[in-house]
Amino acid sequence: MKKKKNLIMICVIGILVALEIVLANYATIHTWDIKIGFSFVPIVVAAALYGPIAGGFVGAVGDVISALLFPVGPYFPGFTVTAFLTGAIFGLFLYKKESALNAVLSVLITQAIISQFINTYFISILYGNPYWPLFVTRLAQTAAMSAVQIALIILINKKLIPVLKNRIDRLN
């Protein structure tokens, strides 16, 4: 029984990694300094279903494979670390704690700290641009993505996660 449960989890995580790659490359607006898209959805689903490690894994593996298959610029391992941290934070707040408050807190932490401060720093290093002007230009992206993520995560937690849990439980 435990082997079957683990196999189902591995399959679901694999599907979520594939979905993250597709969304990151075909449902995302990319420029050298801005990324607006829906690739966070499979990361959130993995985090809500299986916890911080699974969420981080989907984020990190999706980032590495996307960088190899669909490079937007040079590969930078810092972005893989922040992709893992984003998934892990979602997992800490959303795994077995699906509330609107947790959705808001997880998004504020990932967007304000990871995206706005840390990823902006990595972009400034990677492209040699001054940090603070880049920081200011990325504020609109952070605000927009925060609103979109909060709304979608609340919807995912209310509608999608219960259905997925039910389906996965029936497979076990």
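A cavity is taken here as a set of grid points where a 1.4 Å probe fits but cannot get out, and its lining residues are those with an atom within 4 Å of a point. In this predicted model, the largest cavity is lined by 45 residues, of which His30, Lys35, Asp63, Phe79 and Asn119 lie nearest its centre. The structure holds 1 cavity of 30 Å³ or more, and about 930 Å³ of space lies in the largest cavity. By class, 22 nonpolar, 18 polar and 5 charged residues make up this lining. At least two lining residues come from each of helix H1 (2-26), strand S1 (28-30), strand S2 (35-37), helix H2 (40-50), helix H3 (52-69), helix H4 (77-94), helix H5 (100-127) and helix H7 (139-171), with H5 giving the most, at 8 residues.

The packing of nonpolar side chains was examined next. In soluble globular proteins, nonpolar side chains tend to be buried together. The largest nonpolar core in the model has 30 residues, and those with the most contacts inside it are Val44, Val45, Val58, Phe90, Leu94 and Ile153. Two or more residues of this core are given by each of H1, H2, H3, H4, H5 and H7, and H2 gives the most, with 9 residues. When neighbours within four places in sequence are left aside, Val45 is in contact with Leu16, Ile156, Leu160, Ile161 and Leu164. A second, separate core of 5 residues includes Phe76, Phe79, Phe122 and Ile123.

Tyr26 counts as exposed, at 61% relative accessibility, whereas Phe70, with a relative accessible area of 30%, is partly exposed. Elsewhere, ring pairs link Phe76, Phe79, Phe117, Tyr121, Phe122, Tyr131, Trp132 and Phe135 into a cluster; Phe76, Phe79 and Phe122 are also among the residues of the second core, and Phe79 is one of the residues nearest the centre of the largest cavity.

Between Ile53 and Gly73, which are 20 residues apart in sequence, the C-alpha to C-alpha distance is 27 Å.

Technical notes. Residues numbered from 1 in each chain as written. Predicted model: local features only at pLDDT ≥ 70, side-chain atom pairs only at ≥ 80, totals over all residues. Heavy atoms only, no water. 1 Å grid on protein atoms, 1.4 Å probe; cavity = no way out; pocket = protein on both sides within 12 Å on 5 of 7 lines; lining within 4 Å. Points joined across faces, edges and corners; volume = space filled by probe spheres on them. Helix = DSSP H or I, 4+ residues; strand = E, 2+ residues; numbered from the N terminus. Nonpolar A, V, L, I, M, F, W, Y, C, P; charged D, E, K, R; others polar. Core = buried A, V, L, I, M, F, W, Y, C linked by side-chain atoms within 4.5 Å. Buried < 20%, exposed > 50% of the residue type's maximum accessible area, 1.4 Å probe, protein only. Contact = heavy atoms within 4.5 Å. Phe/Tyr/Trp six-rings, centres within 6.5 Å; stacked < 30°, edge-to-face > 60°.
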